[in-house]
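Dear colleague,

Please find the structure below, handed over for your use. My notes on its helices and sheets follow.

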Amino acid sequence: MLVYGDTERLERSDMLCAEIASRLRAVERQPAGFERHAELVAVLLRAGELVQGIADLELKHTGADEFSASRRTGDRLLLDLAGLVVGSWRKSFAGPVVVPSRVKSALADRPEPLPLNIREPEGYAFYALYPESYLEAAAGSGLPANTVVIGLRSIGTTLSAIVAAAIGAAPQLTLRPVGDPFRRRLAIAPQLKERLLRDQAADFAIVDEGPGLSGSSFGCVADWLEDHGVSDRRIHFFPSHKGGLGPQSCARHRERWTAGPRHVVDADDLLIKPVRSPRHLADWVARLVGPLERPLEDISAGSWRKALPRDRWPPVDCRFERRKFLAHAADGAWLVKFAGLGDAGQRKLEKARLLAEAGFAPPVAGLCHGFLVQKWVAARPMVPPEFRRPAFLAHLGRYLSFRARKFPPATHGASLSKLCEMAAINTKEALGSAAASRLRSRLGDAGRYKSAIMPADTDNRLHAWEWLVEGDRYFLKTDALDHSNAHDLIGCQDIGWDIAGAYVELDLTAQETAELRAAVSDGCSRSVNAGLQEIFEICYLAFQLGLWASARPAAASEEVPRLDAATARYARLLRYRIV
C-alpha cells in the first residue's frame, strides 16, 4: 500500500544563513529559561537543514559523499551550535549564551544563493524525538573523545552533532545512505574514506533515528566499516528507540544489532520519568496552566478513547499517533500533545490560536518545547444524525472556508498525478487488477483539473469521531493541526480534498455535499471545482483504504476488528464509486 510520503521544500542558502545569524543574535539577548533553550534547539535544527541541504547538493553533483571545505565548515558550525544546546541543558537553562565568533563568521561567509532541497526530519516533526535524548545517551555511553561520530542525513545531521558535543569529540561527519530503502548503500569518496579510517584504534558512533522496517541505513554504515577492517566491538549505535530491527532486515544486520552496543534514551526517559525538575515536561506545563494536581496522564496510542463508551471506540493507527498526555490543574484538564520541535511546533501554535479565536478549536495555553497545551473540552462526541443538521453543515462550511482563506500551504502536498498513482496502487492491492483498471479509467482525465487546484493547509482528518458538540450550536474540531503535514503522502491540498473527506466521513448526501461546496466557495471567494472534488473522493477512499489496511499487521489483537471494519467500509465505498 502507498501511504507514507516525505516532505521536501526548496530554500536558499544565503537566506537561511541570514535567518540563523539573526536568531542567534536574539538568543544572546534572551533571558535564561527553557524558552531560550527551546529557541537554541530550533536554531540548531535550522542550521542542520542548511548543512544537510549543502551536503546533499554536493552529493548530487559528485555522486559520492566527500570531505570538502564546505562540509568541514558546516560540520564545525553544527558542533559549535550543539555545544550551546548541551551547555544550556546541563545548566538547567541557566547562565548566559555566548555564540562563538567562528559561528558568526561561518554564517556571514556564505553569500552564494545556493538552492537547497530541505528534507523534513521526521522524528523532530512527528515522533517526539529530542536532541537532548541523544545528549543523555552520549553522556552515558562512556565513549572517549577520539570517537568518530557519523550522522546519517537527514536527521542524523544534528543528532550526530549533539553526540559529538556531549562526548567532546571532533566534528561529526555525515553520510547519505542511498538506494532501495530495504537495502541501503554508501558512496564515499577517497578523502572522506581516509578521514573516517585515519585513527585505527578509534571507536565509531553511528547516529540516526529508527531503525525502521529494515534498519539498512544503520546496517550499511556498519557493513562498510567492517569491510574496511573495523572490529564490530568498536561500532556503537545511537538509535531513537530500544526495539530491534524490523521484519525486512537481513540476518547479518540482525545479528550485529543484537550483539552490538546501543545507547538509547527515549522521550519518556528524558521528560517523563525523572524526578520533577526544571527539565521535566510536567514542570514546563505547570508554568502555563498552574500547579498540576497529579502526574501527567499518558493518553497516547489510543488511550484517549477511554473518555468514550467502549462500543464507540474508533480505530487507531499507532504509526501516526502522536505522544499526548492529560495535565490536571485547578481549572480542569489540559491536553499536552506533541506538535513538533522548533519552527514546526511554533507554526502549530499560531494555527491553534487562530482556530481557537475563531471558535473552531479548544483554547490554547501555549507551547512547551515541542508540546502544545490546549484545553481538554468535556463536550460529547457528535453522533451520525447530527452531522446532517443545517446548523452543523453551516459551521462546517465556515470552518473549511476559514482554513482556505487563512492557512496557506506550509509545504507542497502530493500532486494530482501522485494521488492518482497512489489510488491505483492501493486499489490493485486491496481489490484486484480489474478494480484498479476501472479506477484508472475513472481517473483518466484527472489531469485536466490541474489548473483548478489552489492548495491550502487542509484539515485532512474530518472523521466523525473528531467532532465535539455542546448544546445545539457549539461545535469543536479536534486534531485540526497535524494531518496536512504528517508523515504520509497527502500533505496540503485544494480545499476540495476536505469537502471530499466530509462527504465520505460524515455520510453526507450528494445534495448536502453540493451545498457544502457552495458554502465553502462563497466563504473563500473562489469556486471549488466539482469535477476535481469527485476525483478527490476516489483518491481519498483509496488512501484511507490503504491507511487502515496497512495498519493491521502491527496492531494489537483487540484493535484488529476495528481496523478491519474501517477497511471494509472504505473498500465498499470505493467499489461503488468505480463501477
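Predicted model: local features only at pLDDT ≥ 70, side-chain atom pairs only at ≥ 80, totals over all residues.

At what angle do helix 2 (residues 34–62) and helix 3 (residues 69–90) pack, and how far apart are their axes? The angle is about 165°, and the axes are 10 Å apart. Helix 2 is therefore roughly antiparallel to helix 3.

Residues are numbered from 1 along each chain as its sequence is written, and side-chain values use heavy atoms, with hydrogens and water left out.

The terms are used as follows. Helices (H or I, at least four residues) and strands (E, at least two) are DSSP runs numbered from the N terminus. Axes are lines fitted to C-alpha atoms, for helices over the stretch in contact, and angles run from 0 to 180 degrees between N-to-C directions. Angles under 35 degrees count as roughly parallel, over 145 as roughly antiparallel, 65 to 115 as roughly perpendicular and the rest as oblique.

**Helix pairs**

The crossing of helix 2 and helix 3 is left-handed (the near helix is turned anticlockwise from the far one by less than a right angle). Residues in contact (heavy atoms within 4.5 Å) include Leu40, Leu44 and Val51 of helix 2 and Leu77, Leu81 and Trp89 of helix 3. By class, this contact has 15 nonpolar, 5 polar and 3 charged residues. Here Ala, Val, Leu, Ile, Met, Phe, Trp, Tyr, Cys and Pro count as nonpolar, Asp, Glu, Lys and Arg as charged, and the others, Gly among them, as polar.

Helix 15 (residues 416–431) packs against helix 19 (residues 530–551) at about 45°, with axes 8 Å apart. Helix 15 is therefore oblique to helix 19, and their crossing is left-handed. Among the residues that meet are Leu419, Met422 and Ala423 in helix 15, and Ile535, Phe536 and Cys539 in helix 19. The contact of these two helices has 14 nonpolar residues, 3 polar and no charged.

An open sheet of 4 strands, in the order 4-3-5-6, shows parallel pairing (two strands pair if DSSP finds at least two bridges between them). Strand 4 (173–175) and strand 6 (235–238) each have a single partner strand, so one side of each lacks a neighbour in the sheet. Strand 3 (residues 148–152) is joined to strand 4 by 3 bridges, and isoleucine 150 has leucine 173 as its bridge partner. Helix 7 (residues 156–167) lies across strands 3, 4, 5 and 6, at about 160° to strand 3.

A second open sheet holds 5 strands in the order 7-8-9-11-10, with antiparallel pairing. Its edge strands are strand 7 (297–298) and strand 10 (364–368). Helix 12 (residues 281–289) packs on this sheet, touching strands 8, 9, 10 and 11. Glycine 290 follows helix 12 with a positive phi, near 95°.

Finally, strand 1 (residues 8–12) and strand 2 (residues 115–119) pair in the antiparallel sense over 5 bridges.

Note on methods:
Buried < 20%, exposed > 50% of the residue type's maximum accessible area, 1.4 Å probe, protein only.
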